[in-house]
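Let's take a walk through a protein chain together, one piece at a time.

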Amino acid sequence: MAIHTNADSKLFISPASVNVDTVNAMNDASAVAFFEGINDWVEVEELEDLGELGDTSEAITFTALNNARVRKLKGPRDAGTQTIVVGRDPLDDGQEAFIAAERTKFDFAIKIELADARTAGHSNSVLYYAGMVQGAPTNLGNVSNVVRRTFTVGINTAIFEVSSEELAAPTNTLEPSIAGVLDEGEVLTAIDGVWTGNPTFTYQWKADGANIPGATAKTHTIQAGDVGKSISVAVTGTNSAGAATAESAPTAEVPA
């Protein structure tokens with residue numbers, strides 16, 4: 001793996017709290033599967049600095065009288081407190097999710113996607129962990145200062161890394177689904193499901209199995225023409241190695 005800069009790295013938070021005791025009881029593969037199964041990640045924009053994170057063992061020392069030599073042993077492991085600096089944006093959903101998390105006493109799942117793919121045919125490495133957002137102060141500074149926020153996250157699990165690898169075409173492992181109220185005028189949202197291959201997504205909404213013209217966003221507002229029909233959404237995952245499509249189960253018929 002070649003060296004890389006931190007430019008284009010991305011940060012995400014899940015707004016749903018997690019139980020770190022459950023995560024810490026898992027082996028690495030199970031923990032990665034747990035984090036990869038989260039489908040409500042919210043990206044944090046205007047990142048400036050992601051700080052540092054990762055395990056450091058407490059140093060325990062012992063000195064024997066017979067040789068006066070300090071011997072060092074490894075104690076408990078601490079994954080650290082990550083300091084994240086962003087340019088303050090009160091309209092950014094990711095920053096608002098961090099602020100909301102700081103107001104609680106719970107732990108939240110965090111995802112960091114590094115920009116370390118060697119070629120377009122490789123994935124980026126991804127880091128997962130869960131921690132407690134302990135602070136979210138605003139740095140106002142002087143007249144020339146860009147207003148910033150600093151989020152501090154006390155990490156309460158190991159850091160689980162999914163390393164960069166050569167990409168294969170995406171595979172859907174948990175089919176898409178639909179969230180929302182089934183009524184005319186209401187907004188439905190496509191839930192992507194779970195995929196391998198780190199794809200990007202496009203959407204096609206359907207009524208009774210037929211494509212709804214122009215309905216290609218992640219959300220769909222139920223129209224009069226949808227009444228009496230069941231709604232589904234086809235999600236296509238694409239990466240540099242190819243594409244695959246998976247379709248949600250159809251809803252019940254939209255009531256009149």
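**Starting from an enclosed strand**

Seven of the seven residues of strand 7 are buried, so this strand is largely enclosed by the rest of the structure. Here, buried means under 20% relative accessible area, exposed means over 50%, and partly exposed lies in between, using a 1.4 Å probe and protein chains only as cover. Helices (H or I, at least four residues) and strands (E, at least two) are DSSP runs, numbered from the N terminus. Before going on, keep in mind that this is a predicted model: local features need pLDDT of at least 70, and side-chain atom pairs count only at pLDDT 80 or more, while totals for chains, interfaces and linings use all residues. Residues are numbered from 1 along each chain as its sequence is written, and side-chain values use heavy atoms, with hydrogens and water left out.

Back to strand 7. In a regular strand the side chains alternate between the two faces of the sheet. On one side of strand 7 you'll find D107, A109, K111 and E113, on the other F108, I110 and I112, and they are all buried, so both faces are covered. Which strands pair with strand 7? Strand 1 does, in the antiparallel sense over six bridges, and strand 8 pairs with strand 7 in the antiparallel sense over six bridges too. Two strands count as paired if DSSP finds at least two bridges between them. To spot these pairings, look for K10 opposite E113 in strand 7, and for F108 with its bridge partner G131 in strand 8.

Now find helix 3, where G94, Q95, A97, F98, I99 and A101 are buried. The cover over these buried residues includes strand 1, strand 2 (42–44), strand 6, strand 7, strand 8 and strand 10. Take A101 as an example: helix 3 runs over residues 93–102, and A101 counts as buried because its relative accessibility is 1%. Leaving aside neighbours within four places in sequence, A101 is in contact (heavy atoms within 4.5 Å) with I13, F108 and V133.

In soluble globular proteins, nonpolar side chains tend to be buried together.

Strand 16 (residues 200–207) and strand 19 (residues 231–239) pair over eight bridges, and K206 has S232 in strand 19 as its bridge partner.

Finally, zoom out. The chain has three helices and 20 strands. Its radius of gyration, taken over C-alpha atoms, is 23 Å, well over the 18 Å that the globule rule (2.2 Å times the number of residues to the power 0.38) gives for 256 residues, so the chain is more spread out than a compact globule. Along its principal axes, the C-alpha trace spans about 85 × 45 × 35 Å.
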